[in-house]
Amino acid sequence: MNDNAEEKLDALFAAARADQCDTSRVEFGFETRLAARLREEGGGSVAAWAWKLCPFFAALALAAAWWGQVNLRAEATTEIISEATQGNAEQVLLAYMTGERR
Amino acid sequence: MNALALSWPALPFADDALKTPGMADYAAPSDADLVAATLGGDEEAFAELVRRHKRRVFGTAARFARDDHQVDDIAQEVFVRAFRHLGKFRGEAPFEHWLARITVSACYDFLRKERRIREQVSLDAHDFDARDTNIDAALAAGRARELVEFAMRKLSAEERLIVTLAELEERSMREIAALTGWSEANVKVRAFRARQNLKKILEVSHER
């Protein structure tokens, strides 16, 4: 099966080439289907971008929460120090130890 | 609708323009004009491009896919990619050539995806019908296409792409290299190996 095989293979390809598929049935209404898909993908792009930006917004929210927490603590510490320096240090310390202040 | 579309409202067929006196000036717009109009937001211009070129895209897709749904999927993928990347079309080569490269790329992706699925799902039952078919019998029975498909399913996606383009689409090695982006030498080597593999596959199936 050498030269003969080559010839047979060529004959097989020639016959397969001649057997052209009729695609007219699939082509029917193709433009409509394509337009619908393009419209769908175009409309979905905003949602897709929003979905892609989710991690960014989540990170932003976490950063904002952390920043707020740090600011609150700093404000509380400043308040305690300012009250303590005004002369009522003992009362402030007591309130802080008993948990009345945070 | 932009100016181009308005100047071309009722010319669905080029022949009509030739038949109507006084309308000869309105030649059908070229592919490049339609591309420019599409980029300007004219959807109808793209629809016209699709109408012009879909037959060839479907013809190529039908060489790679078995059923109508797969052919339709490939054709849709081709035109969606073309629409998305239309801005990259420079007009240095005809639109048809640019679209042919996209078509080949979409067909190659289809073959790779199909092969992955086939590796996961056994298709022995489907192969069994064609196993006893030899070339002579297939030719006599008008089942050449079936036998070619059976044998090609055993090739790699690259080999199948090259064999289809070379043997069924009758494209030259240079054309295939341009369409795939592979070097001509690479295409020749792969085409040779693919033919050898096909012969082996058909010998084995014939001996069984």
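User: In which helix is E44(B) found, and why does E44(B) count as buried, exposed or partly exposed?

Analyst: E44(B) is found in helix α4 of chain B, where a helix is a DSSP run of H or I with at least four residues, a strand is a run of E with at least two, and both are numbered from the N terminus. A residue is buried if 20 or more other C-beta atoms lie within 10 Å of its own, exposed if 12 or fewer, and partly exposed in between, with C-beta atoms placed from the backbone. E44(B) has 15 C-beta neighbours inside 10 Å, and therefore counts as partly exposed. The C-alpha atoms of E44(B) and L34(B) are separated by 9.0 Å, although the two residues are 10 apart along the chain.

User: How do you know how far such details can be trusted, and what are the numbering rules?

Analyst: This is a predicted model, in which local features need pLDDT of at least 70 and side-chain atom pairs count only at pLDDT 80 or more, while totals for chains, interfaces and linings use all residues. Residues are numbered from 1 along each chain as its sequence is written, and chains are lettered from A and ligands numbered from 1 in the order in which they are written. The predictor's confidence in each residue, from 0 to 100, is called pLDDT; chain B averages 81, and 77% of its residues score at least 70. Over residues 1-22 of chain B, however, pLDDT stays under 50. Where pLDDT is low, the predicted coordinates should not be read in detail. For the model as a whole, the scores are ipTM 0.72 and pTM 0.68.

User: What describes the packing of α3(B) and α4(B), and which residues make the contact?

Analyst: Helix α3 (residues 31-39) of chain B and α4(B) pack at an angle of about 145°, with their axes 7 Å apart; axes are lines fitted to C-alpha atoms, for helices over the stretch in contact, and angles run from 0 to 180 degrees between N-to-C directions. Residues are in contact if their C-beta atoms, placed from the backbone, lie within 7 Å, and here D31(B), L34(B), A37(B) and T38(B) of α3(B) meet A45(B), F46(B), E48(B) and L49(B) of α4(B). These residues divide into five nonpolar, one polar and two charged, where Ala, Val, Leu, Ile, Met, Phe, Trp, Tyr, Cys and Pro count as nonpolar, Asp, Glu, Lys and Arg as charged, and the others, Gly among them, as polar.

User: What makes a set of residues a nonpolar core, and which helix supplies the largest share of this one?

Analyst: A nonpolar core is a set of buried Ala, Val, Leu, Ile, Met, Phe, Trp, Tyr and Cys residues joined through C-beta atoms within 7 Å. The largest such core has 52 residues, and I74(B) is one of those that touch the most other members. The largest share of this core, nine residues, comes from α4(B). Leaving aside neighbours within four places in sequence, I74(B) is in contact with residues including A61(B), F64(B) and C107(B).

User: How many residues of chain B are in contact with chain A, and what kinds are they?

Analyst: In chain B, 28 residues are in contact with 22 residues of chain A. On the side of chain B that touches chain A, α5(B) gives the largest share, eight residues, and the residues of that side divide into 17 nonpolar, two polar and nine charged.

User: How many helices and strands does each chain have?

Analyst: Chain B has 12 helices and zero strands, while chain A has five helices and zero strands. Buried residues make up 31% of the 208 residues in chain B and 6% of the 102 residues in chain A.

Methods. Two residues are in contact if their C-beta atoms, placed from the backbone, lie within 7 Å.
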